[in-house]
Amino acid sequence: VEEEVVVDEVDDVFEHKHNEDDEEVQTHTHDSDAEEVVSEEIATNNQHHNSSLRKSTWNRPDRRIFPSERSTPLNIDPSAFLQQCIDMGVSESEVEECVRVGHRGTSDVLSARVRNLKIVAKLWKQQKKKKSLQELVRLEDNAALADILRRIQLRGDVWTLDLAQEALPSLHRLASSPHNIHVVTACETASVIITAFGQLINDTMRAQEMGTVDVSKEERVAKCTACFRGLETLHTALLPKQRESGRVGSVVRKVIKDLEIFNF
């Protein structure tokens, strides 16, 4: 009986404590809701106050308005930013004559290049690839030569040892050109030739040094020897350019590295 009385008293204590906690939670919730309502009311009042202040400021009877009488936007004269012409005492006819002279020179160069390319294209269509390249080299037109080489350098089915023999002697001329595109074209063409025939040329030259060349393959030996000499000349022309920056220096260093197999 005493144990039951004690248990009942403990239960009453816990129930009383639980009721107090519930009342505290409810009170806290009501307080929070009240704070949120007050905050919303304050924010709304501030908005109304600011709006009313702006309207009262804008609608002031003593507010002065200055009309714009500018003829240009922001009073800026666009012509002030243009380069001013300086009168050098040159007549209009002299200027036209100067333009005509420059035009004639450029037109003559482009006409000659088109004529050379047409000759090479005609021979190429007749399947006379070696002769067309010989004609292109004979014309000594670096621009036309670079144009043709850029077209065929990525066509692996076109390149033969004969074409490599004809192209290589003229690559040093492109590599010595002051135009970067010519130097890059020479290097890229040499890379294609080295990839396709480098091992064959190297093996043939070593066999010739050892005296083990087959007499029946003398024609191939002659072609490989011509290619070897062309690559050696190109190597000499590229050495001064290997320290240049940009794309030119990058392709030059790559070709020089590829040429290491020949031990120049």
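Predicted model: local features only at pLDDT ≥ 70, side-chain atom pairs only at ≥ 80, totals over all residues.

Colleague: Good. Is the crossing of H6 and H8 left-handed or right-handed?

Modeller: The axes of these two helices come within 9 Å and cross at roughly 25 degrees. That makes H6 roughly parallel to H8, since angles under 35 degrees count that way. As for the hand of the crossing of H6 and H8, it's left-handed.

Colleague: By class, how many nonpolar, polar and charged residues does the contact of H6 with H8 have?

Modeller: On the H6 side you'll find Val 183, Cys 187 and Ile 194, among others. H8 brings residues including Arg 247, Val 252 and Asp 258. Sorted by class, the contact of H6 with H8 comes to nine nonpolar, two polar and four charged residues.

Colleague: Now the largest nonpolar core. Which helix gives the largest share of this core?

Modeller: That core has 43 residues, and Leu 149, Trp 159 and Ile 201 are among those with the most contacts inside it. Helices H2 through H8 each give two or more residues to it. The largest share, ten residues, comes from H6.

Colleague: You mentioned Leu 149. Which helices are included in what covers the buried residues of H4?

Modeller: Leu 149 is one of the buried residues of H4, along with Ala 143 and Ile 152, among others. Eight of the eleven residues of H4 are buried, so this helix is largely enclosed by the rest of the structure. Leu 149 itself touches residues including Trp 159, Leu 171 and Thr 189. The cover over the buried residues of H4 includes H2, H3, H5 and H6.

Colleague: Is His 235 buried or exposed?

Modeller: His 235 sits in helix H7. Beyond its sequence neighbours up to four places away, His 235 touches Ile 256, Leu 259 and Phe 264. Its relative accessible area is 14%, and the cut-off is under 20%, so His 235 is buried.

Colleague: Last one: what separation do the C-alpha atoms of Asn 202 and Phe 228 have?

Modeller: Asn 202 belongs to helix H6 and is buried, with a relative accessible area of 7%. Setting aside neighbours within four places in sequence, Asn 202 is in contact with Ile 261 and Phe 262. Asn 202 and Phe 228 are 26 residues apart along the chain, and their C-alpha atoms are separated by 8.0 Å.

Notes: Residues numbered from 1 in each chain as written. Heavy atoms only, no water. Core = buried A, V, L, I, M, F, W, Y, C linked by side-chain atoms within 4.5 Å. Buried < 20%, exposed > 50% of the residue type's maximum accessible area, 1.4 Å probe, protein only. Helix = DSSP H or I, 4+ residues; strand = E, 2+ residues; numbered from the N terminus. Contact = heavy atoms within 4.5 Å. Axes fitted to C-alpha atoms, helices over the stretch in contact; angles between N-to-C directions. Parallel < 35°, antiparallel > 145°, perpendicular 65-115°, else oblique. Left-handed = near helix turned anticlockwise from the far one by under 90°. Nonpolar A, V, L, I, M, F, W, Y, C, P; charged D, E, K, R; others polar.
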